[in-house]
Amino acid sequence: MSSRNKILAAVKANQFSYAELPDLKMLNTLTDTGDNLVERYTAVGTAGGSFVYEVADYDAIKAILQKEFKPGVKIISGVPELDEYTNVEDVKHELSHSFADVELCILPSNLGVAENGALWLTEQQMTVRVLPFIAQHLAIVINKDNLVPTMVQAYQTIGDAKYGYGAFISGPSKTADIEQSLVIGAHGPRSLSVFILP
Amino acid sequence: MSSTATKDHAELAAIFNRDEPRVDWHDETLWWVRAKRDIAAQKLPEWELLRETASQIKNNVLSNLSSYLEQFEANAIKNGAIVHWAANAEEHNQIIHKLLSERGINRMVKSKSMLTEECHLNEFLAQRGVDVIDSDLGERIVQLAGEPPSHIVLPCIHKKKEEIGDIFHEHLGSAKGESDPKILTETARQHLREVFLTRRAALTGVNFAIAETGEFVICTNEGNADMGAHLAEIHIASMGMEKIIPERKHLGVFLRLLTRSATGQPITTYSSHFAKPQDGKEVHIVIVDNGRSIQLGREDFRNSLKCIRCGACMNTCPVYRKSGGHSYHTAVAGPIGSILAPNLDMKKYADLPFASTLCGSCSNVCPVKIDIHDQLYKWRQVIVQAGYTPTAKTIAMKGMAFTLASPALYRAAGKMGRLTFKYAPFAVNNGANPWYKHREMPKAPEQSFGEWYAKRKEQKK
Ligand code: SF4
């Protein structure tokens, strides 16, 4: 017998009597559905090390990025409105390793979570999976209406969507492995800027 | 760790306890993490129902695990992953070695996976000429130090920054005497970036595997799992078979609990959902039993398989905090490790269920409501019945059985004991008393129950 069948047989033999899945309704009604999502997102995101900006339009984003990033550095944009940078579509066939020198990567998100500052991006928004990890800095653009209170609503929004890969990203890469002192910039981006559009 | 293989928890704890200021520091640091967990938990009014729900979902998983495993496998295959099954650690290691050697790969980058620690994968591959680099900062530090992790979430919590500075100076060329965590982290970042960019194979653990979709989720703060997996040609994900959850929406329960319980953060920086391989790349999933199906059959201990490896039970445990993770001489330390290890080898780990005060703090913080301290108590009985009692306990318990069997001796021994506590505490608080290392000595009562009862009878007359 293959290990697969042996393992499954052993599991089957040792499983105890069937226990129903719990109903999530009660839990979901107790879960926050509140308002002030931008305010709350901003507070939690900032506490998690992100720079959160509420901006009026794409021009405001451009102005901030111009101030924060010197001209000449490699910037890749997956946001069509931010078109003065290299468009991710034009470089998506390059080897993932070639993005090692990307200074800033700007991507859109359609789902943000107020309770933990997380933003959901699938391969569709990333285009290249490694981009939001390998770039030295990351910026994510989201519409205010796409914020939800908690992970409960987040997974309701995701539903049974099909994706090859997706990630919640809630801040810059960080570690506290040395004596529990928080250090921003472990292996991934050294900063996360979140731009919230009206 | 061959030098410690024959020492039991009490002996190893005694070694850790030689450096008192360090013990205090270790104790306080972990308690601080526990306090952060409390603050995070108290922010959610539904916290207790969340724990209960998670526990019930896991109950359902364990009661239907074989179907869920088949469902997960079928969906993962549909997604384009290749699924392997390993009955034990040896088979797990062989599968991985074969995957690498078939592709002529002799260097691999690995993100945090306690399962591979449990299986001793690094040693297995090293003996076969495959170099493995751990990419989680804490794991890299202990790897360079030639030690196993001492905590499942905080692998080098036992190390001071000056020691880490010395290790980095020796291995990564940082300046001598440099101990600033920022500079040391930057040193590791540069070193590991080069590793990520040059490894053709990446191994990761799995936090949750979803039966409904065949995807698996990995949670990190550093982004190391993603850096490794997205840059490599082949991504191998090793998972204990209990990592299954039924549906994607259940992540909305578990991801809310995991990091709040672990470190007090509302979520990890990255919660990555891997469904399909990238174009032209391979994803292999290794599902590992290694004693889990046996544990499933032990009615008193099967709940231990609900564990989501948050580490909260360790942070809160008074014994763990004061004895250090290495004193448990097993991959998963602390209260939960002390339940899991005897399932694999009751004789070797007979001491672990005794390394507890049974105070119940672990059960109180566990996000999936495992009855940890009850299980530790039950293991003690199983171990004693099987004749595997740790030596120190055997001597003391034999004395006790003898005294309890003889009422006259019991009275005399009790009186003697009380006199000794009161007038010569050094006589019991020294290493010669085998009980002392295992528990705090209670304050001696002024009179025993027997004396009190006799006196009361006197007075009533
Ligand atoms: S037993 Fe509970 S508290 Fe301990 S690591 Fe597992 S899930 Fe966390």
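1. In this predicted model, the interface between the two chains involves 95 residues of chain B in contact with 68 residues of chain A. The size of an interface is often given as the accessible area lost when the parts come together. For chain B and chain A the buried area is about 6,800 Å², and carbon and sulfur atoms give 60% of it. Of the area that chain B buries against chain A, 11% is supplied by B:Arg189, B:Arg248 and B:Tyr270, more than by any other three residues.

2. The rule finds five salt bridges between chain B and chain A. A salt bridge joins A:Arg4 to B:Glu70, with 3.9 Å between the closest N and O atoms. Because a salt bridge is defined by a nitrogen within 4 Å of a carboxyl oxygen, the pair A:Arg4 and B:Glu70, at 3.9 Å, is counted. Residue pairs in polar contact between chain B and chain A, with both residues at pLDDT 80 or more, number 43.

3. On the side of chain B that touches chain A, helix 10 of chain B (residues 181–198) gives the largest share, 11 residues. By class, the residues of that side of chain B are 42 nonpolar, 27 polar and 26 charged.

4. Helix 10 of chain B also packs against helix 9 of chain B (residues 161–172), at an angle of about 35° and with the axes 10 Å apart. Helix 9 of chain B passes helix 10 of chain B in a left-handed crossing. From helix 9 of chain B the contact takes B:Lys161, B:Ile164, B:Gly165, B:Phe168 and B:Leu172; from helix 10 of chain B it takes B:Pro181, B:Leu184, B:Thr187, B:Ala188 and B:His191. Six residues of this contact are nonpolar, three are polar and one is charged.

5. The crossing of helix 16 of chain B past helix 18 of chain B is left-handed. Helix 16 of chain B contributes B:Pro335, B:Ile336, B:Ser338, B:Ile339, B:Pro342 and B:Asn343, while B:Ile372, B:Gln375, B:Leu376, B:Trp379 and B:Ile383 come from helix 18 of chain B. Eight residues of the contact are nonpolar and three polar, with no charged residue.

6. Where does B:Thr330 sit? B:Thr330 is in the loop between helix 15 (318–323) and helix 16 of chain B. Leaving out residues up to four places away in sequence, B:Thr330 touches B:Ala341, B:Tyr349 and B:Leu352. B:Thr330 and B:Pro149 are 181 residues apart in sequence, and their C-alpha atoms are 9.8 Å apart in space.

Note on methods: Residues are numbered from 1 along each chain as its sequence is written. Chains are lettered from A and ligands numbered from 1 in the order in which they are written. This is a predicted model: local features need pLDDT of at least 70, side-chain atom pairs count only at pLDDT 80 or more; totals for chains, interfaces and linings use all residues. Side-chain values use heavy atoms; hydrogens and water are left out. A crossing is left-handed if the near helix is turned anticlockwise from the far one by less than a right angle, and right-handed if clockwise. Helices (H or I, at least four residues) and strands (E, at least two) are DSSP runs, numbered from the N terminus. Contact means heavy atoms within 4.5 Å. Ala, Val, Leu, Ile, Met, Phe, Trp, Tyr, Cys and Pro count as nonpolar, Asp, Glu, Lys and Arg as charged, and the others, Gly among them, as polar. Buried area is the accessible area (1.4 Å probe) that two parts lose on being put together, summed over both. A salt bridge is a side-chain nitrogen of Lys or Arg within 4 Å of a carboxyl oxygen of Asp or Glu. A polar contact is a pair of N or O atoms within 3.5 Å; within protein, one must be able to donate a hydrogen and the other to accept it, and residues adjacent in sequence count only if both atoms are side-chain atoms. Axes are lines fitted to C-alpha atoms, for helices over the stretch in contact, and angles run from 0 to 180 degrees between N-to-C directions.
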